[in-house]
Amino acid sequence: MDAREMESLTSGTMAGAGSFRCQRCGYMLNLASSDALPDCPGCGGASFSRASLFTAGNLREEEPSYSAGPEAERYAWLRQAREMVQETGEHLVYEQDGELAVMPLTREWTKIGRSLSADLRFDDPTVSRRHALVVRHPEGVRVLDDRSLNGVFVNGERVEWRTLQDGDEIVVGRYRICFLAVTADDLAARRDASLRDD
């Protein structure tokens, strides 16, 4: 191994298997492949250093929570997502290949991850094979961390599980997912607003 390869391994520019900490915000990233490190899901930075899970202590206490970004950007994204949904019920809205996509929640369990068996699949090293579950039950819709390496965040807070409210933002790896619960009244109000604008 030459000096350049050694430096890339120790500075974190080439991943390999292991743990890496963002030098800007402290976000902990765990990879199991030799892909290049992605931008930090926490702050968007690109500067990582190799870290050890055994010396990191309690990650829940040390790891800063994900920052959802500027509020104006978040609300613009949420407004665009809402306009896409044309039927009542619960939906997940996410970005895929630069465009927003809508997934209606029709089953009791929706699996999110990198695995080929995931219902909502993100083929990216920041996403675990089994990353999260969205569960529908009579008390509401919940998101659960399915033993992921990089965690599940709801509105900027890392969670083990959380009951979702309309408009909540779920972060899985580097991906943002918006949860929408659309009622018939919501659609009627949108139609009325559209008629007033015409």
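Guide: The model is predicted: local features need pLDDT of at least 70, side-chain atom pairs count only at pLDDT 80 or more, and totals for chains, interfaces and linings use all residues. Residues are numbered from 1 along each chain as its sequence is written, and side-chain values use heavy atoms, with hydrogens and water left out.

Visitor: Why is Ser148 called buried?

Guide: Buried means under 20% relative accessible area, exposed over 50%, and partly exposed in between, with a 1.4 Å probe and protein chains only. Ser148 has 11% relative accessibility, and therefore counts as buried. Ser148 lies in the loop between strand S9 (140-145) and strand S10 (152-154); strands (E, at least two residues) are DSSP runs numbered from the N terminus.

Visitor: How do you know that Thr110 and Leu180 are buried?

Guide: Thr110, in strand S6, has a relative accessible area of 5%. For Leu180, in strand S14, the value is 0%. Both values are under 20%, so both residues are buried.

Visitor: Which residues does Leu180 touch, not counting residues up to four places away in sequence?

Guide: Contact means heavy atoms within 4.5 Å. Among those that Leu180 touches are Leu78, Val85, Gly89 and Val93. Leu180 and Gly89 are 91 residues apart in sequence, yet 8.1 Å apart in space, C-alpha to C-alpha.

Visitor: Why are S6 and S8 said to pair?

Guide: Two strands pair if DSSP finds at least two bridges between them. S6 (residues 109-113) and S8 have four bridges, in the antiparallel sense, so they pair. Ile112 has Ala132 as its bridge partner in S8, and Leu120 as its bridge partner in S7.

Visitor: What makes a group of residues a nonpolar core?

Guide: Such a core is a set of buried Ala, Val, Leu, Ile, Met, Phe, Trp, Tyr and Cys residues joined through side-chain atoms within 4.5 Å. The largest here has 21 residues, and Leu92, Ile112 and Leu120 are among those with the most contacts inside it. A second, separate core of ten residues includes Trp77 and Cys178.
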